[in-house]
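User: Please take a close look at one helix in this structure and at what surrounds it. I would like one connected account, going residue by residue where that helps.

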Amino acid sequence: MLSRLFAPKAKVSAHCDLPCGVYDPAQARIEAESVKAVQEKYQANEDPDFRARAITIKEQRAELAKHHVSVLWSDYFKPPHFEKYPQLHTLVNDTLKALSAAKASHDPATGQKALDLIAEIDRIFWETKAA
């Protein structure tokens, strides 16, 4: 009798693990912008100590950007998103590879490529939020 009294009245389900407001591609974009900015500063400075610090910071920011993209892929995007956007798996993979390339490079063009791919993830993300 008590179990029926305290049993749920309605079945509910959530799109994601937490309220959706915690996910946002802006986190990845901000880190990727830092990667590109550090690459530009690296190119403009010949001081070996500065360059060593720049490399460390760039690599840390690239890893954080990869983390944020991976979290979107694994925690936010769900099967209906992948059905509607069949390119999403490839897009995320390409973005992670671009961030790895930017991590390993001093060329700001690699940082820009990662930013361009994150912008496409951002576009899809906001379309899913509007749906």
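User: Take helix α5 (residues 88–104). Which of its residues are buried, and what covers them? Then go on to the loop between α5 and α6, to T110 in helix α6, and to the aromatic pairs of the whole structure.

Analyst: A word on the source: this is a predicted model.

Start with the helix itself. Helix α5 runs over residues 88–104, which makes 17 residues. From its first C-alpha to its last it reaches 24 Å. That is close to the 24 Å expected at 1.5 Å a residue.

Now the buried side. L88, L91, V92, T95, A98, L99 and A102 are buried in α5. Viewed down the helix axis, these buried residues fall within an arc of 125 degrees, so they line one face of α5. The face turned away from that buried side carries K97 and A104, which are exposed. The cover over the buried residues includes α2, α3, α4 (79–84) and α6 (108–130).

Helix α6 is where T110 lies. Leaving aside neighbours within four places in sequence, T110 is in contact with A98, A101, A102 and S105, and also with Q39. Two of those partners, A98 and A102, are among the buried residues of α5. The T110 side chain also makes polar contacts. One is with the side chain of Q39, at 3.0 Å. Another reaches the backbone oxygen of D107, at 2.7 Å.

Next, the loop between α5 and α6. H106 is found there. Its relative accessible area is 27%, so H106 counts as partly exposed; the buried class stops under 20%. Neighbours within four places aside, H106 is in contact with Q39, Y42, Q43, I55 and K58. The side chains of H106 and Y42 are joined by a polar contact of 3.5 Å.

R51 lies over the face of the Y42 ring, at 4.0 Å from the ring centre. R51 and H106 are 55 residues apart along the chain, and their C-alpha atoms are separated by 9.8 Å.

Last, the aromatic rings. A search of the whole structure finds 5 aromatic pairs. In one of them, Y23 and Y76 have ring centres 5.9 Å apart and planes at 55 degrees, so this pair is tilted. The Y23–Y76 pair links distant parts of the chain, 53 residues apart. Y23 sits in the loop between α1 (2–5) and α2 (26–43), while Y76 belongs to helix α3 (residues 48–76). Both are buried: Y23 has a relative accessible area of 8%, and Y76 has 1%.

F125 and W126 form another aromatic pair, this one edge-to-face. Their centres are 4.9 Å apart, with 90 degrees between the planes. F125 is buried at 0% relative accessible area, whereas W126 is partly exposed at 41%. Ring pairs link F125 and W126 with Y23, Y76, F77 and F82 into a cluster.

To recap the helix: the buried residues of α5 line one face, K97 and A104 are exposed on the face turned away, and the cover includes α6, the helix that holds T110.

How values were computed. Residues numbered from 1 in each chain as written. Predicted model: local features only at pLDDT ≥ 70, side-chain atom pairs only at ≥ 80, totals over all residues. Heavy atoms only, no water. Phe/Tyr/Trp six-rings, centres within 6.5 Å; stacked < 30°, edge-to-face > 60°. Helix = DSSP H or I, 4+ residues; strand = E, 2+ residues; numbered from the N terminus. Buried < 20%, exposed > 50% of the residue type's maximum accessible area, 1.4 Å probe, protein only. Lys NZ or Arg CZ within 6 Å of the ring centre and 35° of its normal. Expected span 1.5 Å × (residues − 1). Arc of directions from axis to C-beta. Contact = heavy atoms within 4.5 Å. Polar contact = N/O pair within 3.5 Å; in protein donor to acceptor, adjacent residues only side chain to side chain.
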